[in-house]
Amino acid sequence: MIRVSLTLLVFIYLFLFLTAVFGLWIWFEWKRQRREKLAVRNRIRCTICAFEFEDNTETQLPRCPRCGSLNERFKFRTL
Ligand SMILES: [Zn+2]
């Protein structure tokens with residue numbers, strides 16, 4: 001039988017618990033960022049009228065549905 005002091009037992013319990021919580025936190029945060037990145041992948045903001053729209057085509061210069069100007073594909077940023 002392995003003899004372990006109560007202090008060491010509490011330390012092991014806290015270490016395992018905090019490691020699990022930290023691991024789950026990292027995992028959920030990674031999933032959230034991935035989901036957010038996928039959501040804004042095809043979103044474009046017009047440089048003339050600041051209208052945001054989705055464009056799923058592969059065209060180099062998508063046309064704004066509101067003002068009709070051509071826009072370059074910049075990486076969309078969220079706050
Ligand atoms: Zn526009």
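**The zinc site and its surroundings**

Mentor: The site of the zinc ion is tetrahedral, with angles of 106 to 116° among its four donor atoms; four donors count as tetrahedral if all angles lie between 85 and 135 degrees. This is a predicted model, in which local features need pLDDT of at least 70 and side-chain atom pairs count only at pLDDT 80 or more, while totals for chains, interfaces and linings use all residues. Residues are numbered from 1 along each chain as its sequence is written, and side-chain values use heavy atoms, with hydrogens and water left out.

Trainee: Which residues are the protein donors of the zinc ion?

Mentor: Donors are N, O and S atoms within 2.8 Å of the metal (3.2 Å for Na, K and Ca), and sites may look incomplete because water is not among the atoms. Here the donor residues follow the spacing C-x2-C-x14-C-x2-C in sequence. Lying 2.2 to 2.3 Å from the zinc ion are the SG atoms of C46, C49, C64 and C67.

Trainee: Is C49 buried or partly exposed?

Mentor: Buried means under 20% relative accessible area, exposed over 50%, and partly exposed in between (1.4 Å probe, protein chains only). C46 has 3% relative accessibility and therefore counts as buried. C49 has 23%, so the class of C49 is partly exposed.

Trainee: To which side chain does a polar contact join R45?

Mentor: R45 lies in strand β1, residues 43-45; strands (E, at least two residues) are DSSP runs, numbered from the N terminus. A polar contact is a pair of N or O atoms within 3.5 Å; within protein, one must be able to donate a hydrogen and the other to accept it, and residues adjacent in sequence count only if both atoms are side-chain atoms. At 2.6 Å, the side chain joined to that of R45 is E52.

Trainee: Why does D55 count as buried?

Mentor: D55 is located in the segment after β2 (52-54). D55 touches N42, I44, P62 and R73, leaving aside residues up to four places away in sequence, where contact means heavy atoms within 4.5 Å. D55 counts as buried because its relative accessibility is 12%.

Trainee: What is the angle between the planes of F51 and F53?

Mentor: Rings of Phe, Tyr and Trp (its six-membered ring) pair if their centres lie within 6.5 Å; planes under 30 degrees apart count as stacked, over 60 as edge-to-face and the rest as tilted. The structure holds five aromatic pairs. Among them is the stacked pair of F51 and F53, with 6.4 Å centre to centre and an angle between the planes of 15°.

Notes
Helices (H or I, at least four residues) and strands (E, at least two) are DSSP runs, numbered from the N terminus. Four donors count as tetrahedral if all angles lie between 85 and 135 degrees; four count as square planar and six as octahedral if opposite donors are over 155 degrees apart and all others between 65 and 115; anything else is irregular.
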